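Me: I want to check the labels in this model one by one. Take me through the cut-offs behind them.

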Amino acid sequence: MAICMNLSGLKRAVVDEIRNDPTVTKELGDTATSTDLYGQFLFDHQKNPSAWDKPATYLTVQLHIPRASEDRKWLVPTLELQIISHEQHLTDSLSGSEPDFQNRNDYLADLLTQKFHGRNDLGSFSPLLLISDTEGVLENNCLYRKLQFETSCLNSFCEDRG
């Protein structure tokens, strides 16, 4: 499947938006960390929970291209944001949550959905639409919430066979 030339730009834009959001970053990592969270608690790839050295919350940003339009002129990428918390950090003193939220993953999912759903200013893509919000348990006492947003972009490598 051909790759849309702007997909890496979308991923970078999403990571930058998260890095620059003090409300979101306050809930990631641990309470002693005040530096840039990228590469520590925010990743542009999947993070292996068995490699963690302390209870914390991590956020991964991944981009997938599960399908293209029938005419192959449009790609339909999926942006996946995965919030992964050690069970000790999941409910451990939420920094700024409203009383409605009982755990960090739900609170972060709400913040990220508000931040990205419907956005069309992160590159030359159609609006990001939340298509899935699921939760579950991973190894090593870790719980996750996975948000998937779908968009579309012109397939820049498509040849017009019209």
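Reply: Start with the salt bridge: a side-chain nitrogen of Lys or Arg within 4 Å of a carboxyl oxygen of Asp or Glu. Glu17, Asp21, Lys115, Arg119 and Asp121 are linked in a network of such bridges. This is a predicted model, where local features need pLDDT of at least 70, side-chain atom pairs count only at pLDDT 80 or more, and totals for chains, interfaces and linings use all residues. Residues are numbered from 1 along each chain as its sequence is written, and side-chain values use heavy atoms, with hydrogens and water left out.

Me: What makes Lys115 and Glu17 a salt bridge?

Reply: Their side chains meet at 3.7 Å, N to O. The cut-off is 4 Å, so the pair qualifies. Lys115 lies in helix 4 and Glu17 in helix 1, so the bridge ties together parts that are 98 residues apart in sequence. Helices here are DSSP runs of H or I with at least four residues, strands are runs of E with at least two, and both are numbered from the N terminus.

Me: Why is Lys115 called buried?

Reply: Buried means under 20% relative accessible area, exposed means over 50%, and partly exposed is in between (1.4 Å probe, protein chains only). Lys115 has 18%, so it counts as buried.

Me: What makes Arg145 and Asp133 a pair?

Reply: Their closest N and O atoms are 2.4 Å apart, in a salt bridge. Arg145 lies in strand 5 and Asp133 in strand 4, so the bridge ties together parts that are 12 residues apart in sequence. Arg145 is buried at 10%. Asp133 is partly exposed at 37%. The whole structure holds 9 salt bridges. In general, side chains of opposite charge can pair when their charged atoms come close.

Me: How do you know that strand 4 pairs with strand 5?

Reply: Two strands pair if DSSP finds at least two bridges between them. Strand 4 (residues 129-138) and strand 5 are joined by 9 bridges and run antiparallel. In this pairing, Leu129 stands opposite Glu150 in strand 5. Strand 3 (residues 74-86) also pairs with strand 5, antiparallel, over 9 bridges. There, Ile84 stands opposite Tyr144.

Me: What follows strand 5, and why is Thr151 called buried?

Reply: Thr151 sits in the loop between strand 5 (142-150) and strand 6 (153-154). Its relative accessible area is 5%, so it is buried. A polar atom of its side chain lies 2.6 Å from the backbone oxygen of Ser126.

Me: What makes a group of residues a nonpolar core?

Reply: The members must be buried Ala, Val, Leu, Ile, Met, Phe, Trp, Tyr or Cys residues, joined through side-chain atoms within 4.5 Å. The largest core has 33 residues. Val14, Ile18, Leu59, Val61, Leu81, Leu112 and Phe116 touch the most other members. Elements giving two or more residues include helix 1 (7-19), strand 2 (57-68) and helix 4 (104-116). Helix 4 gives the largest share, 6 residues.

Me: Which residues does Leu59 contact?

Reply: Contact means heavy atoms within 4.5 Å. Leaving aside neighbours within four places in sequence, the partners of Leu59 include Ile18, Leu28, Phe41, Leu81 and Leu112.

Me: How does the span of helix 1 compare with the expected one?

Reply: The expected span is 1.5 Å times one less than the number of residues. Helix 1 has 13 residues, and 18 Å is expected. The model gives 19 Å from first C-alpha to last, close to that. Buried residues of helix 1 include Leu7, Leu10 and Ala13.

Me: Why is Thr23 called partly exposed?

Reply: Its relative accessible area is 33%, so it falls in the middle class. Thr23 lies in helix 2 (residues 22-27). Not counting residues up to four places away, Thr23 touches Tyr107 and Leu111.

Me: How many helices and strands does the protein chain have?

Reply: The chain has 4 helices and 6 strands. Of its 162 residues, 43% count as buried.

Conventions: Polar contact = N/O pair within 3.5 Å; in protein donor to acceptor, adjacent residues only side chain to side chain.
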